[in-house]
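Let's take a friendly walk through this protein chain, from a single residue out to the whole. Have the sequence and the 3D view ready as you read.

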Amino acid sequence: MFRSSWECKLMRWADLNPSVLSWGSESVVIPYQNPLTGRVSRYFVDFNVTMRDKNGELKKFLIEVKPYSQTIPPVQKNRKTKS
């Protein structure tokens, strides 16, 4: 199942691309320590893709699907409050 139309497009591309040997959705889990809670949390990578390149070598990719607007760091404001 996909969470966005962009993910759906990537799944179709992977299914139709003869160079793609295998792919998975949210099958790679990365544990990390959450800086806010101090607890160990898990991050699910959107896709993992295994492909064969032009030279016949296997290549593995971890892919995140995000709109461009979510890849820009937030602008920090230099606001001063009374406190």
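Before we start, one cut-off is needed: a residue is called buried when its relative accessible area is under 20%, and exposed when that figure is over 50%. Keep in mind, too, that what you are looking at is a predicted model.

Let's begin at Asp-46. Is this residue buried or exposed? Its relative accessibility is 7%, so Asp-46 counts as buried. You will find Asp-46 in the loop between β3, which covers 40-44, and β4, which covers 47-52. What does Asp-46 touch, once residues up to four places away in sequence are set aside? Its contacts are Glu-7, Gly-24, Ser-25, Glu-26, Ile-63, Glu-64, Val-65 and Lys-66. Gln-76, on the other hand, sits 30 residues from Asp-46 along the chain, and the C-alpha atoms of the two are separated by 28 Å.

From that loop, we can follow the strands on either side. Going back, β3 pairs with strand β2 (residues 29-33): the two run antiparallel and are joined by five bridges. β2 and β3 make a hairpin with six residues between the strands, where Gly-38 has a positive phi near 80°.

Going forward, β4 is joined by six bridges to strand β5 (residues 58-63), again in an antiparallel arrangement. Here Arg-52 has Leu-58 of β5 as its bridge partner. This hairpin has five residues between its strands, and Gly-56 in the turn shows a positive phi of about 90°.

Now step back to the whole protein chain. Along the principal axes, the C-alpha trace spans about 65 × 30 × 30 Å.

How much of the chain is buried? Buried residues account for 20% of the 83 residues. The chain exposes about 7,400 Å², with carbon and sulfur atoms supplying 55% of that area. Of the contacts between residues at least 6 apart in sequence, 31% join residues at least 24 apart. Finally, look at the charges: there are 14 positive and 7 negative ones, and their mean positions lie 13 Å apart.

Note on methods. Residues are numbered from 1 along each chain as its sequence is written. This is a predicted model: local features need pLDDT of at least 70, side-chain atom pairs count only at pLDDT 80 or more; totals for chains, interfaces and linings use all residues. Side-chain values use heavy atoms; hydrogens and water are left out. Helices (H or I, at least four residues) and strands (E, at least two) are DSSP runs, numbered from the N terminus. Buried means under 20% relative accessible area, exposed over 50%, partly exposed in between (1.4 Å probe, protein chains only). Contact means heavy atoms within 4.5 Å. Accessible areas come from the Shrake-Rupley method with a 1.4 Å probe; for residues, only the protein chains shown count as cover. Lys and Arg count as positive and Asp and Glu as negative; His and the chain ends are not counted. The place of a charge is taken as NZ of Lys, CZ of Arg, CG of Asp or CD of Glu. Two strands pair if DSSP finds at least two bridges between them.
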